[in-house]
Amino acid sequence: MRYCLLCLSLLFSPLATFAQDHSWQQIKNDARGQTVWFNAWGGDNAVNQYLDWVSGEMKTHYAINLKIVRLADAADAVKRIQTEAASGRKTGGSVDLLWVNGENFRTLKEANLLQTQWAQTLPNWRYVDTLQPVSEDFSIPTEGAESPWGGAQLTFIANRDVTEQPPQTPQALLAFAKAHPGTVTYPRPPDFTGTAFLEQLLMALTTQPQALKMAPDTATFADVTAPLWQYLDTLHPFLWREGKDFPPTPARMDTLLNNGVLRLSLTFNPAHAQQKVVSGELPKNSYSFGFTQGMIGNVHFVTIPANASASAGAKVVANFLLSPEAQLRKADPAYWGDPSVLDPQKLPAAQREALQARIPKGLPTVLPEPHAAWVNVLEQEWLRRYGTH
């Protein structure tokens, strides 16, 4: 009996593979000639140039017309998708592919506005490093509604010519700000890097870290977050512009660091400093560092709205973003320096070595993000306390 079952499994597994290959071939056929509207954050030149390269590759190899819609905030596209759904637009949506994670993903998923169970069917999923958090997004299960395409970790940047010993704990950062008033700051929330900085501090300072793994409870919110606000109340008078104004973006912080106004900048890309040194946008002795206890990190994804006009094309683009070729280029600081989501051990030897060479060295431990629902409540409380200055 066992022998018969083995024979059947050997007989049908090639058929399953054939069916899968055939269905992907059908998706590629359907995608030819489609225009795919990819809504993506457009706040960085390296990102924009990389996506322009992807557009060229899609046109050349897949006959897909990939249009990049550059967003200041992914929430803008989320609102558009919600508006289309509210008006009954079940097909022909204006967004085919969206760069998303965290709170924005939670908003769309809970409203059933996304296609699900497609990400793991992409042929290039076989290369994905499944030890990374690719099946959940800020503690929300993805259920195949998102395909990973890059990693991220909150990272400080300093210039070694000015700051030889960086502050590596929240307490050391406070002491550093007091010793060098006006040279430390962070992006104004709801900029996502600014909000991540709040989350980083909250994780380090709260006496109830377990509470951050679930949605905030109004009954305990004040107690859980009290150490954060006490810390910021002490820190802010020593910040750039005495904490009465904040840079709108990390890019503005980079400029202030480059001009010698600030001693520290912030990024969500561990290779950002290396890439900006190459491009001449940061001092040549700039370096990255984090807190010794670890820095929060995540995986960023692409998702397909339920009413997408070019679903097949969107899947082909998502699959290309996971290809070794695209991931290797993205991980190269000469182009972008965004960490890969692929497992080098699953790649052919030459690509494995190239990818391993592009993994930044000496990074702190990656700490998982708090539950996605913390983003909005932290931003609202921050704005209530400090946003009117």
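# Close-up views of a predicted model

**View 1. K276 and its salt-bridge partners.** K276 has a relative accessible area of 4% and is therefore buried, the limit for that class being under 20%. The model shown here and in the following views is a predicted one. A salt bridge joins K276 to D44, with 3.3 Å between the closest N and O atoms. D44 belongs to the loop between strand 1 (35-41) and helix 2 (45-62), whereas K276 belongs to helix 9 (residues 272-278), so this pair ties together parts of the chain that are 232 residues apart in sequence. D44, like K276, is buried. The side chain of K276 also meets that of E281 in a salt bridge of 3.5 Å, N to O. E281 has a relative accessibility of 36% and so counts as partly exposed.

**View 2. Q275 in helix 9.** Q275 is a residue of helix 9. Its relative accessibility is 7%, which means that Q275 counts as buried. With residues up to four places away in sequence left out, Q275 touches A46, P333, Y335 and W336.

**View 3. The salt bridge between K109 and E143.** The side chains of these two residues, K109 and E143, form a salt bridge with an N to O distance of 3.0 Å. Distant parts of the chain are linked by this pair: K109 lies in helix 4 (residues 103-110) and E143 in the loop between strand 5 (140-141) and strand 6 (146-153), 34 residues apart. E143 counts as partly exposed because its relative accessibility is 42%. The count of salt bridges in the model comes to 13.

View 4. Three strands make up an open sheet in the order 8-7-9, and their pairing is antiparallel. Strand 8 (264-267) and strand 9 (286-289) are at the edges with a single partner strand each, so one side of each has no neighbour in the sheet. On average, neighbouring strands of this sheet are turned by 30° against each other, direction ignored. Four bridges pair strand 7 (residues 155-159) with strand 9 in the antiparallel sense. F156 is found opposite F289 of strand 9. Helix 8 (residues 250-258) packs on the sheet and touches strand 7 and strand 8. The direction of helix 8 makes about 155° with that of strand 8.

**View 5. The surroundings of T163.** T163 is placed in the loop between strand 7 and helix 5 (170-179). With a relative accessible area of 3%, T163 is buried. The side chains of T163 and R263 are joined by a polar contact of 3.4 Å. Neighbours within four places in sequence aside, the residues in contact with T163 are A158, F176, R263 and Y287.

**View 6. The largest nonpolar core, with F38 and W149.** In soluble globular proteins, nonpolar side chains tend to be buried together. The largest nonpolar core of this model has 46 residues, of which F38 and W149 touch the most other members. Two or more residues each come from helix 1 (2-31), strand 1, helix 2, strand 2 (65-71), strand 3 (97-100), strand 10 (295-303), helix 10 (311-321) and helix 11 (324-331). Helix 10 gives the most to this core, namely seven residues. Apart from neighbours within four places in sequence, F38 is in contact with L51, L66, K67, I68, V69, L97, L98, W99, W149, V302 and L321. Another core, of 43 residues, lies apart from this one, and its members include A177, F221, L262 and Y287.

**View 7. Helix 10 and its cover.** Helix 10 is mostly covered, eleven of its eleven residues being buried. Among the buried residues of helix 10 are S311, G313, K315 and N319. V316, V317, F320 and L321 are also buried there.

**View 8. T388 after helix 13.** T388 is located in the segment after helix 13 (373-386). The relative accessibility of T388 is 70%, so this residue counts as exposed. Between T388 and T60 there are 328 residues in sequence and 50 Å in space, taken from C-alpha to C-alpha.

Definitions and conventions
Residues numbered from 1 in each chain as written. Predicted model: local features only at pLDDT ≥ 70, side-chain atom pairs only at ≥ 80, totals over all residues. Heavy atoms only, no water. Pairing = 2+ DSSP bridges. Axes fitted to C-alpha atoms, helices over the stretch in contact; angles between N-to-C directions. Contact = heavy atoms within 4.5 Å. Buried < 20%, exposed > 50% of the residue type's maximum accessible area, 1.4 Å probe, protein only. Polar contact = N/O pair within 3.5 Å; in protein donor to acceptor, adjacent residues only side chain to side chain. Salt bridge = Lys/Arg side-chain N within 4 Å of Asp/Glu carboxyl O. Core = buried A, V, L, I, M, F, W, Y, C linked by side-chain atoms within 4.5 Å.
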